[in-house]
Every structure is written in structure tokens, then in C-alpha cells.
Amino acid sequence: MTPWLDTLMVLVVFTSLKLLGSSRLGSCIRTAAFQGVLLGFLPIVAHPGSLAPRLLFMSAAAIGLKGIVFPWLLFRALRGARVRREVEPFVGYTSSLLIGVLALIASLWAARHLRVPGRPISPLLVPVALSTMLVGLFLIISRKKALSQVLGYLVFENGIYAFGVGVAYEAPLLVELGVLLDVFVAVFVMGIAIFHIRREFDSIDTTRLETLRY
Amino acid sequence: MATVTFAAFLHLVFAATLAPLLPSLISRVKAFFAGRTGPSLLQPYRDLARLLRKGAVFSPTTTSLFRLAPAAGLASMLVALTVVPAGGSPALVSFPGDFLVLVGLLALARFILILAALDTGSSFEGMGASREAAFGALSEPALLLGLAAAVRVSGEPSLSGMMAAASAGAWATAVPALLLVLGSLLAVFLTENARIPVDDPNTHLELTMIHEVMVLDHSGPDLALIEFGAALRLWVFGALIVGLATPLRTGLPLADAGIFLAGMLALVGFVGVLESAIARLRLVRVPQFLVGSIAFSVLALVLVLR
């Protein structure tokens, strides 16, 4: 059980690092979707003994939403926006990678000092979830394109999901599904917003939005 | 004890005679993928013999440092070879913390070459030296942290002990960490040996070369020493990777040596396929590649330290 869980956690960290280091929006969407699918398998891997219908349903919902619906929505937005790459982010890709490594170390330190109720299923889970959240937040503030910021939001949500599954796995099914529904609506609305930003400004560069002030 | 040292000594002889074969095997694999016949496998030996027969030309701007550098670089590579174990038997010299000495010797060889390149006063060589120094500064932490993680996994503070332990139980308990270390070492292998995603050994354009541009002014026997040192560097890194990656030990010296040589062949074939399959990275993307390998090493260390 633990080797599988460890491998899953390492793969999640890889996807975060890949998101920090790659400039192509298409491959970023695919990587974020892959991360979502990986985390979708987390409930099953974390509780190998009990294949409860509740766990299976949660996994299927998460995988279906994050692996199929979100990429589809985002690729549609990407086609509409006619942008392929994130050019000139606020923080360069090499520095972003370094910051990702630092975020991982910081969250390891934080996880050691964090009193988590109950016993976490793997000692890696809390630090990886924290670092995924940090990477998501960092993506939101360091990228210019609206689409990358949506991806940052998705990664942030992935981190929260991992934290929830790993630590508070007794949370009611309705809460989990409610969170998934919220994320779905958010991505849906953001897709529409990207479309409108693009139609108004001929670009999805969020720095252009500053002109609204004048 | 006597047989052990004999086997280790044999590894030195093998390395010194077979090392030039590695680059020619890689180019043979690449030639196969490109549909060409490729040069003869013995071409590096012929090149070395030809260079050794030639005279050397020294620019009047160079000092004695420039003349000493090729021999000093080769000497440090030969010393590095004595620390690296191969084929199941421990290395000629083995003591706790010898992996630090190995990293230091590799850095020393690079430092000497950089000094010699700067000594020529040529702007091209200065450019190559600055690139080599920049990439070396990034590949060194990756190598050091990766080896530290391997030390932690095996619980052995010396390279020989680490390789012996990697064969036994380490692969069963720490697969993710060891895979990460191997990935990181492979990236360092490609960087340090001027292979494709970082540097192209076949390019002859001064603006794009990294390693080769540094040795433009060396000629004759000096160039032969540098080329031979580069082949030995390939062998040292190859022995590290193969030693960590093959969890198979029979206990028979001959069979273990055979497994080691087969592993080297597999590694060289893999590098050939890799070089045929991927393009070279843009120069500005190379630091990103190396930071990625540092991330691999840090992650491996984190996995085994917790």
C-alpha cells in the first residue's frame, strides 16, 4: 500500500513541477488534468481494503470531472482565445521550478509542525498536499494569461482535495460532492469569462485589465 | 583481499582500454537510427593514435598553465576512476565519504579545463568556459544530493558499500527514491559528458558548442589527453549509474563483470536512442533542465530522510 501511495505522491509532485516549468498552455492543461486523475485515484489507493461504493463514486466523479470535463472546457476556451503559450510570465520558468522545490521543503517543514487530527495515511500526504496548494497559489500570482490562472486555481483545488481525502476522510459525501460542483461551476464561469475578456481586449493577458480603471 | 584488489585493478585496466569505445558505440547507435553506416568502432583509438603522433602548437599568449592542464585533467579523472567500484567488486580505494572525493575530482577536472580555456585569452573559449562553469554549478548539487540520497538509502557512507547495498535490499524498500536518483544521475551524465539535450558532440559551430569550444586551442598530444579524459569521464558516470541500476549480483567475479559490461552497453545504447529521438535544448532552457534534476535529487533525499 505505502509504495503505491508514495509513487502516487511523487507523481503528483512531478506534475506540479512540470506545470511550473512548461510554457505551452495545451501541455499545461493536460498536465493539470493528469494531476487531477492521479488524485482521483487517491481515495482507492489510500483505503485499499474497503472498496465502498461511496469511495468508488467519489473517485469516478473526481476523475470524470478533472480528467475529461475540465480539459474539454479549457481546450475549448484555448481554441477561442487563439493563444498557445504563456509568454513572459512575472516569474521565469527556472525560478518557478526553484520556488516549487522550496515550496516542497517548506511544506515538509510545516507538515512536521502541523498537528493534524487523526492519523494521516502516509507521512508524505500532508506535505505533498500543502506544496500542491502553494504551487497553485504561486501559479495564480505569477502568470499573466487568464487560462494559466485558472489552471493555478485547479491545482490549488487539487491540493485541498488531497488534504481532504488524506486527513478528513470521514467528511460526508455531500460535502465532497458540493466542493466538486463548486469547482465545476467555477471553471465553467471562468471559461466564459476568458471568452469575454478575449472578445473585449483581443487577448487573455490579465495585465490588460488594468486599463479598466481609466 | 588480494583477489579483491586484483579485480579492482582489472577494472582500471578495462576502463582505460574500453573507455574510448563508449562514444563510438553511441555514435554507432545514432548512425543506425539515421540510416547511415557510421564510423568504425575503433575510430576513437585511431584518432588518439594520430593525435599522439602529432606535434603541439601553443599560442604565444598562453602560459605554462595551458600546457599542464590536459595532463592534470586526465590525472584527476584517473584518480576518480580508482574510487568508483564496478561489477560487484569494491573499488581500489574505498573509505567513508569517498563519494565527496569523487565529486571533488570531477569538479577539479572541469576547473582545470576552464582555467586552460581562460588562459588562451580567446573570447570563444571564454564563452565556452562560462557556459561550462554555469552548467557545472547546477549539475554538481544534483549529483551530490543524488549520491547523498543513495548513501542514505543504503546506509553505507562509501561508494563501494553503496553499490553493494543497492544490489541487495535497497531496491525492494525504496523504489521511488532510487528511481529519482537514477533520473537525476542520468541528467547529470548527459550534462557532464556534453551529450544531446545539453550539448551536441557533433556540432562544430563555435557559438553553440559548450565543451568542445573550450578545447579549440589544444592540439596534438594535448588534445589526445583531453579526449581520453572525456572518455574516462563517460566511463566513470556510466559505472555509477550501472552500479546503482543493476540489482543483480551473482558473487562470481567473471559473471559480475559480464553483467557490468552488459549494463554499460545498455546505457550507451539508451543514450544513443535518446540522442536520436530528442532535439537539443535551447541554451536558455538548459538551466531549467538542470534545476529539474536538482528537484529530482531533493525529492529523493526528502523521501529517504523523513
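Student: How many helices and strands does the secondary structure of chain A come to?

Tutor: Chain A has 8 helices and 0 strands. Helices (H or I, at least four residues) and strands (E, at least two) are DSSP runs, numbered from the N terminus. This is a predicted model, in which local features need pLDDT of at least 70 and side-chain atom pairs count only at pLDDT 80 or more, while totals for chains, interfaces and linings use all residues. Residues are numbered from 1 along each chain as its sequence is written, and chains are lettered from A and ligands numbered from 1 in the order in which they are written.

Student: What share of chain A counts as buried?

Tutor: 40% of its 214 residues. A residue is buried if 20 or more other C-beta atoms lie within 10 Å of its own, exposed if 12 or fewer, and partly exposed in between, with C-beta atoms placed from the backbone.

Student: How do helix 2 and helix 4 of chain A cross?

Tutor: The axes of helix 2 (residues 25-40) and helix 4 (residues 53-81) of chain A cross at roughly 170° and come within 8 Å. Axes are lines fitted to C-alpha atoms, for helices over the stretch in contact, and angles run from 0 to 180 degrees between N-to-C directions. The crossing makes helix 2 of chain A roughly antiparallel to helix 4 of chain A, a label for angles over 145 degrees.

Student: Which residues meet there?

Tutor: On the helix 2 side of chain A they include I29(A), R30(A) and A33(A), and on the helix 4 side K66(A), F70(A) and L74(A) are among them. Contact is counted if the C-beta atoms of two residues, placed from the backbone, lie within 7 Å. By class, this contact has 12 nonpolar, 5 polar and 2 charged residues. Ala, Val, Leu, Ile, Met, Phe, Trp, Tyr, Cys and Pro count as nonpolar, Asp, Glu, Lys and Arg as charged, and the others, Gly among them, as polar.

Student: Switching to the interface, how many residues of chain A are in contact with chain B?

Tutor: 14 residues of chain A, against 11 residues of chain B. Helix 1 (2-21) and helix 5 (93-113) of chain A each give two or more residues to that side of chain A. Helix 1 of chain A gives the most, with 7 residues. The side of chain A divides into 10 nonpolar, 3 polar and 1 charged.

Student: And V175(B), where is that found?

Tutor: V175(B) is in helix 8 (residues 175-192) of chain B. It counts as partly exposed because it has 13 C-beta neighbours inside 10 Å.

Technical notes
Angles under 35 degrees count as roughly parallel, over 145 as roughly antiparallel, 65 to 115 as roughly perpendicular and the rest as oblique.
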